Amino acid sequence: MKRLSLFVWLVFMSVAVSAQMKWNQTYQNYIDQYQDIAVQEMLRYNIPASITLAQGIFESGAGRSELCRKGNNHFGIKCHGWSGATVYHDDDESQECFRAYRTALESYEDHSKFLYESQRYRKLFQLSRTDYKGWARGLKACGYATNPQYANKLIELIELYKLHEYDKLSGKVRGHHSKVSPQGQSSLHSIKIYNKNYYLYARKGDTFKSIGEEVGISYRKLAKYNERDRRDKLSEGDIIYLKKKRTRADKAFKNHPHVVKPGESMYSISQMYGIRLKSLYKKNHLTPDYQIRVGDKLKVY
């Protein structure tokens, strides 16, 4: 019996080892694309960024699942208490109702609100932000998923990709210099956050159309958000906002005007601060034909 027990144990262990998760470039690309958003949501709602990223990977197959492709639903959230757009998908039962979003960004925002505002998950917010194991097990215990291995899968993803490192970040994610974890260029653009907007940097060969297809936003809207023609040729390093820009800069610049530097234009300054060009002219009582000069001081808030 002892030999048989030993044999069974060895077989079990070999299966467990072979089933261990392996590093996947597609998963890393997904992390590179959404890491800043996960961190920002963590700072707003105190949900570990590692948990958000791991759930996004697991629930959406790193953005490749049918539910994600059809409805931009990255977290498998169903329609309970939802009055927005919907999509139907086979899950525990046939053709269940799931929430649908216009963009992945809306899915991330709704995921945070879904957990934060639900009484079911209230006790999770008593855990430390760095207790990713507690959060993973708590989500399973609270009924987020029916998969018996759900918590273990999240923990595996977090530890394999070192997602827990994001949970240690503090302070506001802001500015066009925020690169949480540069690990070489991903095939997807890393989406960042500034002035209550999302943005990315254009790469060589990018167009509004190619970026729009990647992020799920109409290229006409993208061009409009960035106050450009949809046929404009993009340059490497151009800041491309994914939502309509605000009328003022971040509050940190309330008493700090921008001093014009060589090579800058009103447009480049508006993109730098994430504000509308029209608003920048209006704040400074300037007309569109005004030619700014090096040393000019411009209000941006």
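**Whole chain**

I started with the contacts: of those in the chain with a separation of 6 or more, 60% are between residues 24 or more positions apart. Contact here means heavy atoms within 4.5 Å. I noted that this is a predicted model, where local features need pLDDT of at least 70, side-chain atom pairs count only at pLDDT 80 or more, and totals for chains, interfaces and linings use all residues. Residues are numbered from 1 along each chain as its sequence is written, and side-chain values use heavy atoms, with hydrogens and water left out.

Next I looked up the secondary structure and found eleven helices and seven strands in the chain. These are DSSP runs numbered from the N terminus, helices being H or I with at least four residues and strands E with at least two.

I then checked burial: 46% of the 301 residues are buried. Buried is under 20% relative accessible area, exposed is over 50%, and partly exposed is in between (1.4 Å probe, protein chains only). The accessible surface of the chain is about 16,800 Å², and carbon and sulfur atoms hold 51% of that. Those areas come from the Shrake-Rupley method with a 1.4 Å probe, and for residues only the protein chains shown count as cover.

**Helices around α7**

I looked at α3 (residues 49–60) against α7 (residues 150–160): their axes come within 9 Å and cross at roughly 110 degrees. So α3 is roughly perpendicular to α7. The axes are lines fitted to C-alpha atoms, for helices over the stretch in contact, with angles from 0 to 180 degrees between N-to-C directions. For the wording, under 35 degrees is roughly parallel, over 145 roughly antiparallel, 65 to 115 roughly perpendicular, and the rest oblique.

The α3 and α7 crossing is right-handed. A crossing gets that name if the near helix is turned clockwise from the far one by less than a right angle, and left-handed if anticlockwise. From α3, the contact uses Ser50, Ile51, Ala54, Gln55, Ile57, Phe58 and Glu59, and from α7 it uses Tyr150, Lys153, Leu154, Leu157 and Ile158. I sorted them by class and got eight nonpolar, two polar and two charged residues. Ala, Val, Leu, Ile, Met, Phe, Trp, Tyr, Cys and Pro go down as nonpolar, Asp, Glu, Lys and Arg as charged, and the others, Gly among them, as polar.

Then α6 (residues 132–141) with α7: the axes come within 8 Å and cross at roughly 150 degrees. That makes α6 and α7 roughly antiparallel to each other, and their crossing is right-handed. On the α6 side I listed Tyr132, Lys133, Ala136, Arg137, Leu139 and Lys140, and on the α7 side Tyr150, Ala151, Leu154, Ile155, Ile158 and Glu159. This contact has eight nonpolar, no polar and four charged residues.

I also stopped at Gly143, in the loop between α6 and α7. Gly143 is partly exposed at 38% relative accessibility. Leaving out residues up to four places away in sequence, Gly143 touches Arg120 and Tyr121. Its C-alpha is 9.1 Å from that of Tyr121, 22 residues apart along the chain.

**Tyr101**

Which loop holds Tyr101? I found Tyr101 between β2 (96–99) and α5 (104–117). Tyr101 is buried, with a relative accessible area of 8%. Beyond four places in sequence, Tyr101 touches Gly71, Asn72, Asn73, Ile77, Trp82, Glu106, Ser107 and Asp110. Tyr101 and Gly71 are 30 residues apart in sequence, but 5.7 Å apart C-alpha to C-alpha.

**Positive phi**

Most residues other than glycine have a negative phi. I found Asn195 with a positive phi near 50 degrees, and Lys196 with a positive phi near 60 degrees. Asn195 sits in the loop between β3 and β4 (197–201), and Lys196 is in the loop between β3 and β4 too. Asn195 is buried at 5% relative accessible area, whereas Lys196 is exposed at 67%.

In α10 (residues 266–273) I marked Met266, Ile269, Ser270, Gln271 and Tyr273 as buried. Their cover includes β3 (192–194), β5, β6 (258–259), α11 (277–283) and β7 (297–298). Gly274 follows α10 and has a positive phi, near 70 degrees.

My last stop was Asp232, in the loop between α9 (219–225) and β5 (239–241). Asp232 is partly exposed, with a relative accessible area of 29%. Its C-alpha is separated by 7.8 Å from that of Thr207, 25 residues apart along the chain.
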